[in-house]
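Morning, everyone. Please have the structure open while I talk. I'll go sheet by sheet, then helices, then the chain contact.

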Amino acid sequence: MSNLLLIAIVIVLGAVGYVLGRKRALNTAGGNIRDLHSLPVYYGANTAMTAVVPAMGLLLVWLLVQPMVVNNAVSGMISDATIAEAGSRDLVMSDVRRVADGLDLAVANGAMSGAEASNLDPSTSDVRGILAAVGVALGSDVSSETLDAAQRYRGMSGTGSIWKAVVVIAASVAGLGIAYMQSHKDFRARNIVERGVLALLIFAASIAILTTLGIILSLVFSTVEFFRLYAASDFFFGLRWNPSFSGRGGGSELGILPLLWGTLYISFVALIVAVPLGLFAAIYLSEYASNRFRSIAKPLLEVLAGIPTIVYGLFALLTVGPLLVDVFGSGGLLGVDWMAGGTAVMTAGLVMGIMLIPFVSSLSDDIINAVPQSMRDGSYGLGATKSETVRQVILPAALPGIVGAILLAASRAIGETMIVVLGAGAAARLSMNPFDAMTTVTAKIVSQLTGDSDFASPEALVAFALGISLFIITLGLNVFALYIVRKYREQYD
Amino acid sequence: MEDHYRMDRTMSTAQDTKISARNVQVHYADNHAIKDVNVEIGDKTVTAFIGPSGCGKSTFLRCLNRMNDTIDICRVGGDILIDGEDIYDPKVDPVQLRAKVGMVFQKPNPFPKSIYDNVAYGPKIHGLAANKAELDQIVERALRRGAIWDEVKDRLHAPGTGLSGGQQQRLCIARAVATEPEVLLMDEPCSALDPIATAQVEELIDELRQNYAVVIVTHSMQQAARVSQKTAFFHLGNLVEYDDTDQIFTNPKDPRTESYISGRIG
């Protein structure tokens, strides 16, 4: 029985439970809603919940545990010789699973009957050919050992899924029954449903946190793997980035410093652009602009935030880069020869700065608006002009929030990828010239992992070390930003 | 015209008129908030505006230093003269005007700066001090006038927001007098304060009368009776009655005034 059908059955049981529970509760009260402890919907919801939730939980656990159990049982059947020949147990097991799945598919497609599939003999029939006919390609002929294991695998999985269906449906029916019996007019269904809601909310919140943990863990494991292959001191203090993809290992220089320098340099240029423009825009919008202008201009400014960064990247590559070369390149308007190609720190930084303007302006605008009107009144009442009020009263009051906004923009800049991939070039370089091509941590993560990469080589694994370094930097910035905002926030009551 | 106007109002005491308002109208969008108000406010006098909530007394107060200019939908009609000069004349700079007509607000609103910088804010903006020593003097004088000097002289560089409510309000008054205004407008200055702080501020208001024309909006009739020499009663945007405070509270001419002070409308 397929999982989808099983889920559907459980949901139908839940719906039935809703109707039954509601009805029974009403009956015990003689049809008078006032005699019930809770509204009828709560009895229905409680019954539905008890029918669905434990059954679904059971299904989830079963789905996780069954493959592990079957795998363990089957992998015991494979001899050491086979494992040695294939290279690793995992490879053999994946073959076994493919054969098993292929046979199931063949039966489902009608290429052979269930009995035929169970009694296949590798010496007489061409298992590989049969499976290829239903679209499952195998790397080699199927040995009898593999086939046996596959048959065992099929058998255990088949029994498992029958039991799974039985147990899940039984759990659902049992839940329905219990809740149905409980649905009495004095039963506090409302409180139970309330707890159900609480559990749902906690579940949603913990998913986000657990995902973060999962991301960190996956990064950490690969990073540890990387440092086993490549010295940590060379990674953190190496001044050259020169990965070789020719041979396996050796010859690569994987220093993070040139990449980090590029990242920080480009982010710095971006902030130089974004902070003044964004801040001034925010001040104009919140203090000077009329309501009508503000209601038009603010959404327009926020449209900038909705542009995909790849489009910004194209803008950098096709428009800003050539424009800068026309000015700063050889034979350009200024008659200097600072810029060799369109891709440069300046190109990426300028465009990234434009991307960050709505970030800074939107956050700052909210913060400036949160400064109480009484501050402004106090200042105007003393005969201050608007700009004096902004400079001496509003900005100091809003400063912690603005610093927070800038730090958030900075961590956004550091993590930005597409603009630098297209706008900054690919050369890892430690240079002060903002018109040189440089590259960033993110851009190099992309280039190390795209294409054919061998995930056991330091050249690919370095991406995870880069990723976690970046993660720590931006995490640190965010924490620092929150700390600043909390510590220096004025408490206006 | 001027004489005729005075006679019309039948002022009971002869004082120098500091502010005179004639036929003042205020509209908030379609809402006619102040209807045809005429009033003469004397110099070196405390004038109280009383009336039920929403009667327009705060709105009228804010007309006197053009604070209503900062509200987009607000329109002010009629003439308001300070020392005979129309403050709504296009030649008048509202920013300069507000330096001359200081204001204290309902809720204490010290800036998020040190006590010293709070008081020095106005003098710095208007260039009243030539050097640091002079500024120090101005700050000290203002804080003394605000009757808060003794409490804060040892912590001038502590944040003004760290003071208690009553101290904050006296700091705001000191801040307002630091720019050497001629008129001091107070919009319910004691409504956020406890009785002790209120008493201190009231005492202060009485002292300020020696140097300034003080206009105070208040919800407390006892306060009006205690601190003011003249009282104006507003109701539904109209100035119902304006007279000596004693007169208003003991022998009101208008039945609405009588109803209000005896607690029947409000």
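Which residue stands opposite B:Leu184 in strand 8 of chain B? Stay with that for a moment, while I give the ground rules. This is a predicted model, where local features need pLDDT of at least 70, side-chain atom pairs count only at pLDDT 80 or more, and totals for chains, interfaces and linings use all residues. Residues are numbered from 1 along each chain as its sequence is written, and chains are lettered from A and ligands numbered from 1 in the order in which they are written.

Now the reply. B:Leu184 stands opposite B:Val214. Strand 7 (residues 183–187) and strand 8 (residues 213–217) of chain B run parallel, joined by five bridges. On terms: helices (H or I, at least four residues) and strands (E, at least two) are DSSP runs, numbered from the N terminus. Two strands pair if DSSP finds at least two bridges between them.

Zoom out to the sheet. In chain B, six strands make an open sheet, ordered 6-7-8-3-9-10, with mixed pairing. Strand 6 and strand 10 (238–244) of chain B are at the edges, each with a single partner strand, so one side of each has no neighbour in the sheet. On average, neighbouring strands of this sheet are turned by 15° against each other, direction ignored. Helix 7 of chain B packs on the sheet and touches strand 6 and strand 7 of chain B. The direction of helix 7 makes about 170° with that of strand 6 of chain B. Axes here are lines fitted to C-alpha atoms, for helices over the stretch in contact, and angles run from 0 to 180 degrees between N-to-C directions.

Next, strand 9 (residues 230–235) of chain B. Six of its six residues are buried, so strand 9 is largely enclosed by the rest of the structure. Buried means 20 or more other C-beta atoms within 10 Å of the residue's own; exposed means 12 or fewer; partly exposed is in between; C-beta atoms are placed from the backbone. B:Lys230, B:Ala232 and B:Phe234 point one way from strand 9, B:Thr231, B:Phe233 and B:His235 the other way.

What does strand 9 of chain B pair with in the parallel sense? Strand 3 (residues 46–50) of chain B, over four bridges. There, B:Lys230 is the bridge partner of B:Thr47. With strand 10 of chain B, strand 9 runs antiparallel, over six bridges. B:Thr231 has B:Asp243 as its bridge partner there. The hairpin of these two strands has two residues between them, and B:Leu236 takes a positive phi near 50°.

Chain B has another sheet to look at. Four strands form an open antiparallel sheet in the order 2-1-4-5. At its edges stand strand 2 (31–42) and strand 5 (85–86) of chain B, each with a single partner strand, so one side of each lacks a neighbour in the sheet. Strand 4 (residues 74–82) and strand 5 of chain B are joined by two bridges and run antiparallel. B:Leu81 has B:Asp86 as its bridge partner in strand 5.

Over to chain A. Chain A is divided into domain 1 (3–187) and domain 2 (241–488), with bounds from an automatic or database domain assignment. The C-alpha centres of the two domains lie 49 Å apart.

Look at helix 18 (residues 458–488) of chain A. Its 31 residues should span 45 Å at 1.5 Å a residue, and its end C-alpha atoms are 44 Å apart, which agrees. The expected span is 1.5 Å times one less than the number of residues. Buried residues in helix 18 include A:Phe464, A:Leu470 and A:Leu477. Among the elements covering the buried residues are helix 10 (257–288) and helix 15 (386–415) of chain A.

A:Leu20 sits in helix 1 (residues 3–28) of chain A. Buried or exposed? A:Leu20 counts as buried, with 20 C-beta neighbours inside 10 Å. Leaving aside neighbours within four places in sequence, A:Leu20 is in contact with A:Thr47 and A:Tyr180. Contact means C-beta atoms, placed from the backbone, within 7 Å.

Last, the two chains together. 24 residues of chain B are in contact with 18 residues of chain A. Helix 3 of chain B gives the largest share of the chain B side, four residues.

How values were computed
Two residues are in contact if their C-beta atoms, placed from the backbone, lie within 7 Å.
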